[in-house]
Structure formats: structure tokens, C-alpha cells
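I opened the model to take notes on it. These are my entries, in the order I made them.

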Amino acid sequence: MSTLKNTSRTGSSPQDAVPAGPKPARESATLNVFSHAFLVLWVVMAAGPLLWVVMTAFRTSGDILSDPMGFTTSLHWENFSHAWTEANIGLYVINSLTILAGSLTGTMLLGSMAAYVIARFTFPGNRFVFMLFAGGMMFPVILALVPLYAVMDNFGILETRHGLMIAYIAYSLPFTTFFLTSFFRTLPTGVQEAAMVDGASHTRTFFQIMLPMAKPGLVSIGIFNFLGQWNQYLLPLLLNNEDESKYVLPQGLAALAVNQGYRGDWGALFAGLTIAMLPVLVVYIVFQRQVQAGLTAGALK
Amino acid sequence: MSTEIRADERPPKEGESGSTGAQKPPGRLLFAAAVLLPPRFTPQRVRYDRRYRTLDKYRFIVGFLAIPLAFYGLFVISPFLQAIYYSFTDWSGGPVANFIGFDNYVKMWNDERFWDSTVTSVTLLVVAPVVTLVLGMFFAYMITAGGRHRKGQAVSGVAGSSLYKVVYFFPQVLSVAIIAVIWGRVFNTNSGLLNGSLDLVGIDGPAWLGGEYSWALIAMLTVLSWSFVGFYVVLFSAAMGSIPRDIYEAALLDGAGRSRTFFGVTLPLIWDTVRTGWIYMGIQALDSFAIVLVMMPKHVLKVTPVFLYERFQEGQYGYATSIGVVLLVLSVVFSLIIMRVGSRDRIEF
């Protein structure tokens, strides 16, 4: 949680920029130029490849191969329609959205339920359950890969939509529960007690009183899970790899990158990448503060 | 809310208990029934009993924890535990898995492909965190303290610092698969962005992913660092921002320059964050699976997770899980080393 506060604090510090004082030291002026030069250089490094992808998406495949650095003379929007229909990007987007609708709802609901109980009730084994969730964040997913495949197979939910949703939920639960537990702990107890005195049941207190109060925490972790599940590649590769019409977006693009090598429609590949990239970047720019806070909090677990 | 409670004011059901009513504590049988009944159908005598509150609480706890714990236990915890067990068997996916002791590990020890991929993985584990963290810290320091001195301020951020952070963070919000596809195109020998740019300045770029191991390794390190530098800039500048200004002022009064301030003040004060970030980055580098699988041609370079995945595809499930266990051991050992190397007294401020 501390990162959340810190980010906003540093974020607001440059706003109070005062015009340079009357005696700016020479050393500091050169350093200022120097630091800006490096900072701008990395802006080019970070955004350059992405910008190149977007620009190349408007060029014909022939142009792309002959001169990677050229600018387009006319905008070839047909790359996008090729990507959307012939390269199945539209289908993959819909698949991803379907999975995400189920998995994100499930993750948030189950995660907040578990977190609320762990944070607000004393019962034998409380600490154990908390440690169980916290411990799950430390293991590399790749270790569970093979047995997970067998478990899913035994349940008969391999290569199904709901199977993939359940896997997303299960692997998002540790961090979601961990994060929300600490969030529920910070909420005042008085409101919960008042609700109980008024005769609200535990369930009702949770859904009508506590969840609305936990909204800031839910937004942060919701964005975190949205990005994590939208970008998921390993789980669908393992559990959803047989039927190409069921691919999710990252999976579809990876397959497309291989296939375009045979078909030669590079324009469609770049257009597909653009379609996949831009919405996420827009969501990020709108919610930048929450995204940065949420994703960096993930590392400090 | 209150209407619900009043609705319950109906006479207790016949035959469940005596006519003495609320005075006599309800029997156990009634409590057993109350577990399954929603509160509004539970007799008032039972609901007003002290024990009912405990029962109601535990019913709620069990009800709320059951599904999350079931999902988590079945699909996360149990596969992890099974992985460790199966690593000692010759399991190939079917119902039969014979216990074969350490045979899988012996096989791995003698498997040249395992060593090839693991040498690459360990190189990434050692080099990627250093490169990424140094870059991240450099940019974070430039952002928080690289600005010109202003009146009455010991340190100040550069103008537009939040813009820098927003752009640097771009790679973090993209899927690794998409990053791998993009960089696969950027590194393309003839039609890639990199060699295209080198062409403009008259350099004939190498075939990055074309077959030579060292170029491919450099490409891997580039992509890994590129993806994570922004993350560390945000992380470190948050940590640096929480250092009180007066400490910087004191350092400035003592005549410390910028680099002296960094090594003497900033770095020790954010050391905990650096160490955590170091471990996190190491584990990310060790687990880098999708980038190699999607971006690298198969014959050029492999990492341990890809080696694992290939054994899984061949149906050598037991062998694949034992490779996973080795990866787990590697990441634990790495974390312990960093904790050991990096432990100093915590500075409170």
C-alpha cells in the first residue's frame, strides 16, 4: 500500500516547478541537459519499437520487406480488415473478452470473499489460510505446468472455456486475496459492527457495506488482474492449444507470427499487433496511476 | 432490514421443543437444522441463543472460504505438490507412474541439452537483473534528483517526470507473447527495425536471431531489460520519493555532490527495495519462457523452461516435472544468495 501513496507523491513533485533561481550552478545545468538526454534516449528505446509497429501496420507487405524504415505514402487500412477477418484477430479478441468476463468476475468475487473472511474474522486456522495464499505467490507457475494439465484433464475441462476461466481464477487468487486482505484490514470496524447491530446478516454486510467501502482496493487489484489475465500466454498455451478457433489474443498473435512467414502477409501481422496493443495502452494511460501502483505492489509481495 | 427480523416472529414449530419457549435453551438437533436454514427461517429462540451467533459466524466463514480454497487447492496447491512427487516417477501421462527414485535427476545430469539450456538460463539469471536494475536506478535517480537546483530545494525532479514514467512503463502492460512477436520483427535480419536503423548510419547489422548464440543471448537480454526497466523506474522513484528531503539537504550542506549523494544517501536508504527487486527480476529472467518460445528460432538458443516444455510435449511427464523442481531449487538458491549478499542493517527513517 505504501507504494500507492509514494507514487502519487513523487508524481506530483514536478508540478511545483519554480522557474530556475537567479544563480543556477553551472554543474547542475550541464547535469540537467545530460540527464534529459538520457531520459529522452530511453523514451525512444521504450516507445520506438511500438511506434514502428503502428506505422508499419499501414504499409504493404512488399514495402515492409524491402525497406523496414520507410514511411508509407498512402494509408493501407486494408491491413486491418485482413487482420480482423482473414487472420482471425477479431475471433481472438472475442475469445479473450469472453474468457476475461468470466475469469475477472470470478477472481474479484472469490478473492474478495476469501480476503474479507481472513481479514475480519478470527477462527482457528486463519493464519494458516493466509499463509497458504501468500505462499502460493512464490512458486514458479512452470513447476505446476505438467500436473495441472493432468488435473484439468481428469476434470474433463481441458480445452474448454470454463476450464480456462477456472485456471485463470485459481492462479490469480493468491495475490488478489493477499492484496485485498491487507486492504480490508485498513477499513474501520465500526461500520461493520453497526450493520450487525442493525440486524444485517454477515453476507449482507459484506455485499452491501464492506464491498462498496473497499472500492479503491478493488479497482487497483481489478486493473492488475485485467492486465494479467488479458495478457496471459502460458496457461492458454497449456490448456487451450488444440483448436485454433478457441485461441485467445496473445496465443493467436504468436501463431500468426509463425504463419505469416509462410503466407507473406506481413501487413496483417503488424495490424494485428496494433489492434492488440493500442486498447491496452489506452486503458493504461487513462488509469496510469492505479496501474503503476498495482503492478509495482505485485513485486513487493 | 428490520422487516426481515419482524417477519420471523412466528410461533416455534410444534414438536421441536417444549412449550416453555425462549427460557429453555434449544436442543442440539435444532442447531443442526439451523446450519442449513437461512436466518429468516430459523426459529427466534434459536437465533437469540448465544451459541447461534458462533454457529452463524462459522457458517459464514466456511461458506465464503469453501469455493476459493477449493479452486486454489485443486488447481494450484495440488499440482505443485504433485509435481514434486511425479519428479521421482516415470510418469508419462497415463494412470501408471512407477517410483524410480532419482533416475530423472541422473538422466538430467547426463543430458547435454539440459546443460545447454540451463547455462543460458543461469546467465540470464545473473546478468539480466544487474543490467535492468542499474538502468532502472539510473533513470529513477535522474527523474527524482536530476533536475536543476531550485531555490530552497536540495533535490528536485526533472520536468515532465511523470511523462517519462508513463512511457517507460509501456512494455509492462503488454503481453509477453506480443512483446516477443514485436521484437522478433525488430531483430529480423533483413526487414527489422534494428538493422534498418543501423543501415541508415552505414553499419551492416548482424543476423541477431539467425544462428549465432552470442547475438541471440544479447537479443534476449535486451528484450528482458527493455520489458522491465520501466517497472523498476516506477518502483525506485517511488522509494526515492519517500526519502525525507531534509536528509538530502543535510548531505548538500556537507558538500556532497550528486554521485556522492546517490551512493551515500539514496542507495542505502532504498536498499530493501533494491534487494526485493533484484530477486524478483532474477526469477523473471529464470522463468522467461514465452519470449524464447515465440521469438527464438528453435536451433539458436534455449532456456530451461523451454527445455521442460519440449519434454512435456514429448510425453515425458515425469522428466519434465523434475526439471521444474530443479528450476524451483535454482530460484530458491538465488533468492537466498541475494538475501545473504544484500543483507545490511535496516535503516529507519
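Predicted model: local features only at pLDDT ≥ 70, side-chain atom pairs only at ≥ 80, totals over all residues.

I looked up Thr118(B) and found it in helix H6 of chain B, residues 112-145. Its side chain makes a polar contact with the side chain of Thr304(B), at 3.3 Å. I then checked the backbone. A polar atom of the Thr118(B) side chain lies 2.7 Å from the backbone oxygen of Phe114(B).

Which residues does Thr118(B) touch, leaving out those up to four places away in sequence? I found Thr304(B) and Leu330(B). Is Thr118(B) buried or exposed? Its relative accessibility is 7%, so it counts as buried, the cut-off being under 20%.

**Entry 1: an alanine in H10.** Next I went to Ala216(B), in helix H10 of chain B, residues 213-241. Ala216(B) counts as buried because its relative accessibility is 0%. I listed what it touches, again not counting residues up to four places away in sequence: Trp208(B), Met296(B), Val300(B) and Leu301(B). I also took one C-alpha to C-alpha distance. Ala216(B) and Pro297(B) are 81 residues apart in sequence and 9.6 Å apart in space.

**Entry 2: helix H9 and what follows.** I moved to helix H9 of chain B, residues 193-200. Leu193(B), Asn195(B) and Gly196(B) are buried there. Just after H9(B) I found Gly202(B) with a positive phi of about 85 degrees.

**Entry 3: a positive phi in chain A.** I then turned to Glu159(A). Its phi is near 60 degrees, a positive value in a residue other than glycine. Where does Glu159(A) sit? I placed it in the loop between helix H7 (141-155) and helix H8 (161-186) of chain A. At 14% relative accessibility, Glu159(A) falls under the 20% cut-off and therefore counts as buried.

**Entry 4: chain B as a whole.** I stepped back to the chain. I counted 16 helices and 0 strands in chain B. Of its 349 residues, 53% count as buried. The accessible surface comes to about 16,400 Å², and 62% of that belongs to carbon and sulfur atoms. I also looked at contacts in chain B with a separation of 6 or more. Residues 24 or more positions apart account for 64% of them.

**Entry 5: the interface of B and A.** The area buried between the two chains is about 9,600 Å², with carbon and sulfur atoms giving 79%. In chain B, Phe64(B), Phe75(B) and Phe80(B) lose the most area to chain A, together 8% of what that side buries.

I sorted the chain B side by class. I then checked for salt bridges between chain B and chain A and counted 0. For polar contacts across the interface, I noted 9 residue pairs, both residues at pLDDT 80 or more.

Note on methods:
Residues numbered from 1 in each chain as written. Chains lettered and ligands numbered in written order. Heavy atoms only, no water. Buried area = accessible area lost by both parts, 1.4 Å probe. Salt bridge = Lys/Arg side-chain N within 4 Å of Asp/Glu carboxyl O. Polar contact = N/O pair within 3.5 Å; in protein donor to acceptor, adjacent residues only side chain to side chain. Helix = DSSP H or I, 4+ residues; strand = E, 2+ residues; numbered from the N terminus. Buried < 20%, exposed > 50% of the residue type's maximum accessible area, 1.4 Å probe, protein only. Contact = heavy atoms within 4.5 Å. Areas by Shrake-Rupley, 256 points an atom, 1.4 Å probe, with all protein chains shown as cover.
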